[in-house]
Amino acid sequence: MMNWTKAAFGALGAVALLTTAACGSTAEPGGSEAGGKTATDITVKDNTNTSVYQSLKLEKIDKLPNMRGITWLSKGSVVTDKENTSMKPVSVEGEERYPHNLYKYDLAKGTDTALKESEVNLGAPHVSPDGQHLFYWETEETTGWPFILNLQSGEAVAAGKEDGFIQVGAWLDNEHVVFSNMKGDLISAALDGTTKVLVETGTFNVKSIKVANSVVYYITGEDGQLNAYDAKTGEVRQVLKSAEWVIPSNDGTRLAIVKKTADTKRALVLTDLEGNEKATLARGTQIFGTSWSGDDSKIAYTINSDNDNEKGLFVSNTESAEQFQISADMDNVSDPVAWSPEGDKMLLSQSVMENEKYHFVTSIITISE
């Protein structure tokens with residue numbers, strides 16, 4: 001059992017380590033309510049990187065403490081994960097901890113309302129393309145049980161009865177989600193909870209499930225095999241190896257891929273749908289949080305590096321490959337960077353230690369061109 005557990009953590013890699021904070025593990029947030037707090041500006045280090053995105057300008061960074069902002073619901077609201085202090089706490093290693101639930105946070109008012117309350121931890125939310133439903137997980141460390149929440153009625157439906165690795169899933173369309181179970185099968189679940197197996201991969205080591213134009217991209221095995229499943233034809237094709245994360249463009253014409261080039265080296269490359277490399281946007285020890293803007297003109301990502309000029313949060317132009325460093329301090333993120341619907345803001349969360357306790361800090365980053 002221990003060998004399987006170690007292998008499971010290896011399969012999830014960095015995402016598993018970063019998401020444990022939301023699942024009651026070692027990086028537990030501090031615990032005061034975030035509702036009603038006003039955003040405050042924080043100081044950003046000067047960008048001394050010689051390769052800069054000349055037309056991009058950083059306007060401001062607003063900081064929201066004790067909150068894990070994950071994705072946008074609308075222009076003025078985001079989905080957050082935080083402790084629900086109205087629920088009964090449980091004792092973990094002598095410390096009382098409240099379950100993490102999902103909330104809608106109003107950026108203008110500084111208030112939040114519960115999207116789903118529960119006595120157990122909820123996390124890893126994904127908003128449907130039409131904004132009507134929320135795919136989320138009841139979490140237990142790095143695994144959990146998937147659910148679909150109707151945002152209008154507040155009713156939640158279990159997406160089948162099988163558990164899987166949290167964070168490994170996406171919306172296939174407005175009526176279906178896709179995720180992997182513990183056997184590594186790709187599962188599709190409809191809004192009513194009915195499921196079907198799309199692909200039997202043959203390995204539980206499945207990660208980085210993403211969707212574009214009815215094509216499901218996913219990575220399998222220790223060799224980082226990137227695969228593509230066409231939901232219309234049922235065909236599976238192999239794209240390339242040594243992939244750690246795949247992020248297709250919104251229009252489905254390009255792939256952003258984080259590749260492992262050595263034990264401690266990663267590269268963020270842009271490819272066509274066949275895996276042919278067109279540009280290298282970044283290199284570093286680790287590259288996390290990669291996300292395309294809505295119009296696919298920009299990509300945001302974070303880099304781990306020993307050099308201040310080469311680490312932190314960056315934005316690259318996807319046509320020219322010009323790069324702009326937002327902040328050297330944002331080199332570890334809890335979730336993919338989330339672009340606002342208008343493309344002028346980014347949502348980013350970090351787990352930080354303060355007074356010997358971990359808590360989340362959410363940043364709303366405003367840019368202009």
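Colleague: How many aromatic pairs does the structure hold?

Modeller: Five aromatic pairs, in what is a predicted model. To call a pair stacked, one looks at the angle between the ring planes, which must be under 30 degrees.

Colleague: Which parts of the chain does the pair of Tyr136 and Phe147 tie together?

Modeller: Tyr136 belongs to strand β10 (residues 133-140) and Phe147 to strand β11 (residues 143-150), so the pair joins parts 11 residues apart in sequence.

Colleague: Are Tyr136 and Phe147 buried or exposed?

Modeller: A residue is called buried when its relative accessible area is under 20%. Tyr136 has 1% and is therefore buried. Phe147 has 16%, so Phe147 counts as buried too. Aromatic rings also gather elsewhere: Phe135, Trp137 and Phe179 are linked into a cluster by ring pairs.

Colleague: What share of the residues in the chain is buried?

Modeller: Of the 369 residues, 52% are buried. The chain exposes about 16400 Å², and carbon and sulfur atoms supply 46% of that area.

Colleague: How many helices and strands does the chain have?

Modeller: There are two helices and 32 strands. As for sequence separation, take the contacts between residues at least 6 apart in sequence: 44% of these join residues at least 24 apart.

Colleague: How many residues are in the largest nonpolar core, and which have the most contacts inside it?

Modeller: The core has 30 residues, and the most contacts inside it belong to Leu268, Ile299, Tyr301, Ile326, Met346 and Ile365. Strand β27 (residues 298-304) gives the largest share of this core, with four residues.

Colleague: Now the sheets. How do strands of a sheet pair?

Modeller: Strands in a sheet pair through backbone hydrogen bonds, and the pairing is either parallel or antiparallel. One case here is an open sheet of four strands, in the order β3-β4-β7-β8, with antiparallel pairing. The edges are β3 (68-74) and β8 (111-116); each has a single partner strand, so one side of each lacks a neighbour in the sheet. From one strand to the next, the twist averages 35°.

Colleague: How many bridges pair β4 with β7?

Modeller: Seven bridges, in the antiparallel sense, between β4 (residues 77-83) and β7 (residues 100-106).

Colleague: In what order do the strands β14, β15, β16 and β17 stand in their sheet?

Modeller: These four strands form an open, antiparallel sheet in the order β14-β15-β16-β17. Its edge strands are β14 (169-173) and β17 (195-200), each with a single partner strand, so one side of each has no neighbour in the sheet. Direction ignored, neighbouring strands of this sheet are turned by 25° against each other on average. Five bridges pair β16 (residues 185-190) with β17 in the antiparallel sense, and Ile187 stands opposite Val197 in β17.

Colleague: What do β22 and β23 form?

Modeller: A hairpin, with six residues between the two strands; in the turn, Gly252 has a positive phi of about 75°. Strands β22 (residues 243-248) and β23 (residues 255-262) run antiparallel and are joined by five bridges. Val246 has Ile257 of β23 opposite. Strand β22 is mostly covered, with six of its six residues buried.

Colleague: Which residues does Ser291 touch?

Modeller: Beyond residues up to four places away in sequence, Ser291 touches Ile247, Lys298, Ile299, Ala300, Val337 and Trp339. Ser291 lies in strand β26 (residues 286-292) and, with a relative accessible area of 13%, is buried. Ile299, one of the residues Ser291 touches, is also among those with the most contacts inside the largest nonpolar core.

Conventions. Residues numbered from 1 in each chain as written. Predicted model: local features only at pLDDT ≥ 70, side-chain atom pairs only at ≥ 80, totals over all residues. Heavy atoms only, no water. Core = buried A, V, L, I, M, F, W, Y, C linked by side-chain atoms within 4.5 Å. Buried < 20%, exposed > 50% of the residue type's maximum accessible area, 1.4 Å probe, protein only. Contact = heavy atoms within 4.5 Å. Areas by Shrake-Rupley, 256 points an atom, 1.4 Å probe, with all protein chains shown as cover. Pairing = 2+ DSSP bridges. Axes fitted to C-alpha atoms, helices over the stretch in contact; angles between N-to-C directions. Phe/Tyr/Trp six-rings, centres within 6.5 Å; stacked < 30°, edge-to-face > 60°.
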